[in-house]
Amino acid sequence: MAERRTIEVGALARVEGQGALHLTLEGDRVVELRLEIYEPPRFFEGFLRGRAARELPDLMARICGICPVAYQMSAVHAVESIFDVTIDPAVRQLRRLFTCGEWIESHLLHMFFLAAPDYLGLDDGIAVAKLHPVQVERALRLRKLGHRILALLGGRPVNPVGACIGGFARAPTRSEMASLESELVHAAGEAEACLRWIASLPIPSRPQEIELVSLRHPHEYPMNEGRLVSTRGLDVAVSEFDSAFVESQVPHSTALHCRRRDGGAYLVGPLARLALNAEHLTPAASAALETLRPRLPSFDPAASVLARGIEVLYACEEALRIARSYEPPAAPAASWTPCAGVGHGATEAPRGLLYVRVETDAAGDVVAIRIVPPTAQNQARIEDDLRLLAPRVLALSHDEARRSCESAIRDYDPCISCSTHFLTLEIERRIRSED
Amino acid sequence: MSTPGSAPRPRLAVHKFASCDGCQLQLLNLEDELLPLAERFEITHFLEASSRVLPGPWDVSLVEGSVTTAHDVERIGRIRDESALLIAIGACATAGGLQALRNRADVEAWKAHVYPQPRWLETLPTSTPISAHVKVDHEIQGCPVSGAQLLRVLLRLLLGTQPDLPGHSVCIECKRRGTICVLVTRRIPCLGPLTRAGCGALCPSIGRDCYGCFGPADDPNPEALALQLRMLGLPAADIARRFRGIYNAAAPFRRVAEALEREHG
């Protein structure tokens, strides 16, 4: 008789939001695996109905404290496609700058505070800082620059207030942008140093068969626009999201699972963006990528942390380019007239593709809205990853097995609050001999 | 006052209920103060930041998020029992948050709208603040709370004094920074006259309306502002919707929204 074991961990730390993992094995065969997300639902898709489209940037931001810009921008683009708003090219650049700020702050938080402790066998970023003060202080300095970008365009990093349909409430002045530019001059060097240090840590490796999905734009690394593409040949417009993906509910999660139409799990996020858009990286980011081959681009979720490092470097260079070439727009926001219609918006949140579908009435009020966050899309993929990992952790002690599973989940930088929901990881291991 | 090495540090916990994590993130966003703060307090429960999770009791518990499940009603009771000081942080913890919009809606219908299998969900019909369930020692307002205010409260606790957060409105902050009134000069429907200070008048400073994300100031007069907004030509339903925002369940905002909706029919 095969030995039956259940692995449980009390609570998954260092993720945004809370959930649980339940894993049962017979011998080395996984008989049950559930990534349990029981974050209480907040019903955004319910209470946003009847709100003015104008209000969406402020309200959508509240879905996630760590990637509010992506939520604002997906909704804004969906609404602008309905109202047929023409965006000033300078405003479009400011929106890219806004996203650069969010990528920098979110990725560095993950790299140094959520993931690095795993590679060093420590509990948290504060413990990392005690051993490696220079490294952590550098990351904090750079992260502060990310916040500085968000504050320039949005007033504050969490729930920024600057974005609106058509653009921004206010565009930075030339002198404000020049001051940011002076701070960005050394950012790429700092980002390179951050990446070099993270890459020197003992990061595990778990290459596997995965379909990677991201936006793809003909001329630039994707942020707010592009087509939905994958490493298995998917290539459709954002408005065709439903032709490629399907959401379903599972009993153990308050976040809907999103899969490909053929039932397969897929991965969104920095690993996917990099694999599908590496040719659009900036010079230093591109050179850094060369030094990381063959670990990147790859199909190894454990290498996601390195992809984040590349993207921080990219965002620093891109932000500097935008700051240098800045010409204030004629108006900070384009004017618009509400009308009835259906619009689709997709952005690349730090954690990956974020799709929003909005339907408005003639007054511009929201009739229906659907929000597909990156972590909802990665849930099924995380479960598949753990199914592959489980037999390999059997030989480890309980503590090591739990740490391996937790670390694998953290590779996805899951944001459970984002899914408007709660993740506590419980891996419990029980060894019960058969009677 | 405790200094590192001279006395036991106060034990600090951060607990999460239904929320976006943004308020606890404000603690992690204190780049310059985070490491010194971790020297002054012993952080023994902060799941978003650390795998080191110790049992209570705690000298200070910061609580983020609103109560929306039966399980969370029990959990906040246990946290209260184990916390010498309990501080509710942010709009969700102090007023139920944006998600308190469910309190006047048919939640069962929303469940059915969002989820194919609504019966798999366990959720209460309401989103309520921490103070609706247990005694709360202090509240820090804001969506998100201001990092500076959070830090100030923690430092005053270390000094053994009471928090001293402002009760005045955003208008005072505009005057202090020299921002010209957007309501008076540009007829922008700003909620600043009612809203508690703390953000630094962010929205008016970029030429837009304050939307009340720090909740009602002390002694607000929402009826008077509603009248002003009517005089700008805004329909009653639109004004009501503005009060049904981040702090929709806060009594002064709820009261005026209900009155406007009655009028609108």
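This report describes the chain contact, some aromatic pairs and a few backbone features of a predicted model.

## The contact between chain A and chain B

Chain A and chain B each bring 61 residues to their contact. Together the two chains bury about 5,400 Å², and 62% of that area is on carbon and sulfur atoms. On the side of chain A, the three residues A:F43, A:R62 and A:Q249 supply 13% of the area buried against chain B, more than any other three residues.

In one of them, the side chain of B:R241 meets that of A:E55, with 3.7 Å from N to O. Elements of chain A that give two or more residues to the side touching chain B are helix 1 (44-47), helix 2 (56-60), helix 4 (89-120), helix 5 (125-131) and helix 6 (133-154). Sorted by class, that side of chain A has 27 nonpolar, 20 charged and 14 polar residues.

## Aromatic pairs

Over all chains, the structure holds 10 aromatic pairs. One of them is formed by A:W103 and A:Y221, whose rings are edge-to-face, 5.9 Å apart centre to centre and with 85° between the planes. This pair links distant parts of the chain: A:W103 is in helix 4 of chain A, while A:Y221 is in the loop between strand 6 (213-216) and strand 7 (227-230), 118 residues apart. A:W103 has 0% relative accessibility, so this residue counts as buried. A:Y221 is buried too, with a relative accessible area of 0%.

A:Y221 also pairs with A:Y314, and here the rings are tilted, with 4.9 Å between centres and 40° between planes. Because A:Y221 lies in the loop between strand 6 and strand 7 and A:Y314 in helix 12 (residues 304-324) of chain A, the pair ties together parts that are 93 residues apart in sequence. A:Y314 is buried, at a relative accessible area of 1%. Elsewhere in the list of aromatic residues, A:F241, A:F245, A:Y266 and A:Y355 form one cluster.

## The surroundings of A:T360

A:T360 belongs to strand 12 (residues 352-360) of chain A. Its relative accessibility is 4%, so A:T360 counts as buried. The side chain of A:T360 reaches the backbone oxygen of A:C339 at 2.8 Å. Leaving aside residues up to four places away in sequence, A:T360 touches A:A53, A:I82, A:F83, A:C339, A:A340, A:G341, A:D365 and A:V367.

## Backbone features

Most peptide bonds are trans, and most residues other than glycine have a negative phi. The peptide bond between A:R293 and A:P294 is cis, with omega about 5°. A:P294 sits in the loop between helix 11 (283-292) and helix 12 of chain A. In chain B, the bond from B:G56 to B:P57 is cis, with omega near 0°, and B:P57 is in the loop between strand 2 (42-46) and strand 3 (58-64).

Positive phi values occur at B:D21, about 75°, and at B:A201, about 55°; neither residue is a glycine. B:D21 lies in the loop between strand 1 (11-16) and helix 1 (22-28) of chain B, and is buried with a relative accessible area of 3%. B:A201 is in the loop between helix 8 (182-186) and helix 9 (202-205) of chain B, and counts as buried at 0% relative accessibility.

Key
Residues are numbered from 1 along each chain as its sequence is written. Chains are lettered from A and ligands numbered from 1 in the order in which they are written. This is a predicted model: local features need pLDDT of at least 70, side-chain atom pairs count only at pLDDT 80 or more; totals for chains, interfaces and linings use all residues. Side-chain values use heavy atoms; hydrogens and water are left out. Contact means heavy atoms within 4.5 Å. Buried area is the accessible area (1.4 Å probe) that two parts lose on being put together, summed over both. A salt bridge is a side-chain nitrogen of Lys or Arg within 4 Å of a carboxyl oxygen of Asp or Glu. Helices (H or I, at least four residues) and strands (E, at least two) are DSSP runs, numbered from the N terminus. Ala, Val, Leu, Ile, Met, Phe, Trp, Tyr, Cys and Pro count as nonpolar, Asp, Glu, Lys and Arg as charged, and the others, Gly among them, as polar. Rings of Phe, Tyr and Trp (its six-membered ring) pair if their centres lie within 6.5 Å; planes under 30 degrees apart count as stacked, over 60 as edge-to-face and the rest as tilted. Buried means under 20% relative accessible area, exposed over 50%, partly exposed in between (1.4 Å probe, protein chains only). A polar contact is a pair of N or O atoms within 3.5 Å; within protein, one must be able to donate a hydrogen and the other to accept it, and residues adjacent in sequence count only if both atoms are side-chain atoms.
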